Every structure is written in C-alpha cells, then in structure tokens.
Amino acid sequence: MFKKILLAVALALPLSGMAQKFGVVDIESVFQAMPESAAMRAELEETSKKYEDEYQKLSEEVNKLFADFQTIQNDPNTPDAIKERRINEIQERQAKVEQFRNTAMQNIQRLQEQLTMPIQTKLTDAVKSVGAEGGFTFILPNEQALLLYKGNDVVDITPQVRAKLGLK
C-alpha cells in the first residue's frame, strides 16, 4: 500500500510542475507609460522647483551676510563684538538653510510616496487581473525572470497589462 502511494506521489509531482504557468512583466516600462506617472512627475518637478528657488534665495542671503562680514573683518575700527555677532548670525542662517533643505527633501520624498501609491495599486490590480484571466501561477518582474528554471515556459504579459490599463 505504501509503495502505491509513493508511486502515485512520484508520478503526480512532475505533472503538477507542468501545470504551472509563469509570467513576467516589465513593471517599470508600464509604470512610466501610465498617464498618472507623467502627472506625478510634473507635480514633483513643480514642487521641487519651488523648494529649489526658496533654497537659492536663502543661500544668497547667507552669501550676502558673509560678503558683508568680509568687508568688516579686516577693518581695525570694527569692534570684535560686532564681528562675533556677525559670525554667529551667519552660522545660524546656515543652520536654518540646511534645516530647510532637509525638510524640503523629506517633504518631496513624502509627496512622491503619496503620489506613487495609487499608481502602483492600479498597476498591481491590472497585473493580478491579467494573471487571473491567463491562469498564471506566478508573475514576476522581468528582472527576476532569470530565477526561473529555463525549462519552464515563461510568458511576457506586459502587452496584456498595458491593454488592461488602456496603454499603447
């Protein structure tokens, strides 16, 4: 009895492997082709430009303070207390500029994550839908397709995903 069960399992294993259907999809190209991605990039560029402009203004203010300081630095009639106050003012402004830069970078990153999430969800739903319609066991990004055993048939479902999303 045990030998019959073992024989049945031994015969079923290769057949179950043959029933698996593998697909790959070029996630990056589909993501880039989505109109939502273009809108996201435009919004990110616009926001980045605003932060860059403000950062440039703040940097120019620090540079002006430094240039003013250089003119009084060599003046023997300027008291040391005034020179020290100017140095402290420059250092404080530089710290504020750096803090602004760090905050701006965090805000841009947060905005990118917020804008990307719905696009990724829409893309994931399209891949799942194509996978279900095509009866795929696994769907992997193109980069991971090399992990598949070469004897398996692997189908590129990128065109179907593009069609599901209404892309050319």
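**Strand pairing and ring contacts**

Mentor: In this predicted model, strand β1 and strand β3 (residues 154-156) pair in the parallel sense over three bridges. Within this pairing, Phe 22 has Val 154 as its bridge partner in β3.

Trainee: What makes β1 and β2 a pair of strands?

Mentor: Pairing requires at least two bridges. Val 25, for example, has Pro 141 as its bridge partner in β2.

Trainee: Which way do the residues of β1 point?

Mentor: Phe 22 and Val 24 point one way, whereas Gly 23 and Val 25 point the other way; all are buried. In a regular strand, side chains alternate between the two faces of the sheet.

Trainee: How many aromatic pairs does the structure hold?

Mentor: There are two aromatic pairs.

Trainee: Why is the pair of Phe 22 and Phe 138 called stacked?

Mentor: The ring centres lie 5.5 Å apart, and a pair requires centres within 6.5 Å. The planes stand at 10 degrees, and under 30 degrees counts as stacked, so the pair is stacked. Phe 22 belongs to β1 (residues 22-25) and Phe 138 to β2 (residues 138-141); the pair links distant parts of the chain, 116 residues apart.

Trainee: Why is the pair of Tyr 51 and Phe 100 called tilted?

Mentor: The centres of these rings are 5.9 Å apart and the planes are at 55 degrees. Tyr 51 lies in helix α3 (residues 35-73) and Phe 100 in helix α4 (residues 80-134), so the pair ties together parts 49 residues apart in sequence. Tyr 51 is partly exposed, with a relative accessible area of 22%, and Phe 100 is partly exposed, also with 22%.

Trainee: What makes the charged end of Lys 21 count as sitting over the ring of Phe 136?

Mentor: The distance limit is 6 Å from the ring centre. The charged end of Lys 21 sits over this ring, 4.7 Å from the centre.

Conventions:
Residues are numbered from 1 along each chain as its sequence is written. This is a predicted model: local features need pLDDT of at least 70, side-chain atom pairs count only at pLDDT 80 or more; totals for chains, interfaces and linings use all residues. Side-chain values use heavy atoms; hydrogens and water are left out. Rings of Phe, Tyr and Trp (its six-membered ring) pair if their centres lie within 6.5 Å; planes under 30 degrees apart count as stacked, over 60 as edge-to-face and the rest as tilted. Helices (H or I, at least four residues) and strands (E, at least two) are DSSP runs, numbered from the N terminus. Buried means under 20% relative accessible area, exposed over 50%, partly exposed in between (1.4 Å probe, protein chains only). A charge sits over a ring if NZ of Lys or CZ of Arg is within 6 Å of the ring centre and within 35 degrees of the ring normal.
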